[in-house]
Amino acid sequence: VTFSANTANMGGGGGMYNDASSPTLTNVVFNSNVATNSGGGGMYNYNNSSPALTNVTFSANSTNLEGGGMYNINSSPTLTNVTFSANTATYGSGMYNNGGSSTLTNITFSANSASVNGGGMYNTFLSSPTLTNVTFSANSASVNGGGIYNTFLSSPTLTNVIIANSTSGGDCYNAS
């Protein structure tokens, strides 16, 4: 399945919007979807949504707010073998987590670009994602956290994670 060139003007989720739902997606591509005046260019997860994604690609999705590839608010998706590449946003171009406990295994974040913070990933408001075998490479942020940005009591758990070669904003930034 491919979600391509879709647009959401309000409410988020240029490609897909999940509200208190937990779909299972396998071998899916989110490409060139746009969310304007809302988050989640590729996917928006809200209100305890917990989608399970396997072999999924988020590429060239965008938003003028948070989460070019994926936006999670109080949601905990499980991702396995997922790629976030060339997504753009103001904050958290690959993935933006606002609360929740996402689980990421065998994930690549590459060439995502934030106009402010969190080129690859942005974690805020008690987000506690678990990252295992994750690579952040060549992501950028104009201000801080080209690879990953953590703030407001976020506490990601990282195991076998590489955060390198951020083109601007540094590889990792932890704010208080």
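The model is predicted, so local features need pLDDT of at least 70 and side-chain atom pairs count only at pLDDT 80 or more, while totals for chains, interfaces and linings use all residues. Residues are numbered from 1 along each chain as its sequence is written, and side-chain values use heavy atoms, with hydrogens and water left out.

Let's begin with the nonpolar cores. A nonpolar core here is a set of buried Ala, Val, Leu, Ile, Met, Phe, Trp, Tyr and Cys residues joined through side-chain atoms within 4.5 Å; buried means under 20% relative accessible area, exposed over 50%, and partly exposed in between, with a 1.4 Å probe and protein chains only. The largest nonpolar core has 21 residues, and L53, F58, L79, F84, L104 and F109 touch the most other members. At least two residues of this core come from each of β4 (24-31), β7 (52-59), β10, β13 (103-110) and β16 (130-137). Strands are DSSP runs of E with at least two residues, numbered from the N terminus. Another core lies apart from this one; it has six residues, among them Y44, Y71, I73 and Y96.

Contact means heavy atoms within 4.5 Å. Beyond four places in sequence, the contacts of F109 include F84, L104, M121, V134 and F136.

Now for the aromatic rings. A pair of aromatic rings is described by the distance of the centres and the angle of the planes. Rings of Phe, Tyr and Trp (its six-membered ring) pair if their centres lie within 6.5 Å; planes under 30 degrees apart count as stacked, over 60 as edge-to-face and the rest as tilted. The structure holds 14 aromatic pairs. One of them is the stacked pair of Y17 and Y44, at 4.9 Å centre to centre with 5° between the planes. This pair links distant parts of the chain, with Y17 in strand β3 (residues 16-19) and Y44 in strand β6 (residues 43-46), 27 residues apart. Y17 is partly exposed at 38% relative accessibility, whereas Y44 is buried at 12%.

The rings of Y71 and Y96 have centres 5.1 Å apart and planes at 5°, so this pair is stacked. Here, too, distant parts of the chain are linked: Y71 belongs to strand β9 and Y96 to strand β12 (residues 95-98), 25 residues apart. Y71 is buried at 7% relative accessible area, and Y96 is buried at 7%. Ring pairs join Y17, Y44, Y46, Y71, Y91, Y96, Y122, Y149 and Y173 into a cluster.

T151 sits in the loop between β18 and β19 (157-164). T151 is buried as well, at 5%, and among the residues that T151 touches are Y122, F125 and A175.

Finally, look at S75, in the loop between β9 (70-73) and β10 (78-85). S75 is buried, with a relative accessible area of 1%. Its side chain makes polar contacts, meaning pairs of N or O atoms within 3.5 Å; within protein, one must be able to donate a hydrogen and the other to accept it, and residues adjacent in sequence count only if both atoms are side-chain atoms. The side chain of S75 reaches the backbone nitrogen of S49 at 3.1 Å, and a polar atom of that side chain lies 3.1 Å from the backbone oxygen of I73.

Note on methods. Helices (H or I, at least four residues) and strands (E, at least two) are DSSP runs, numbered from the N terminus.
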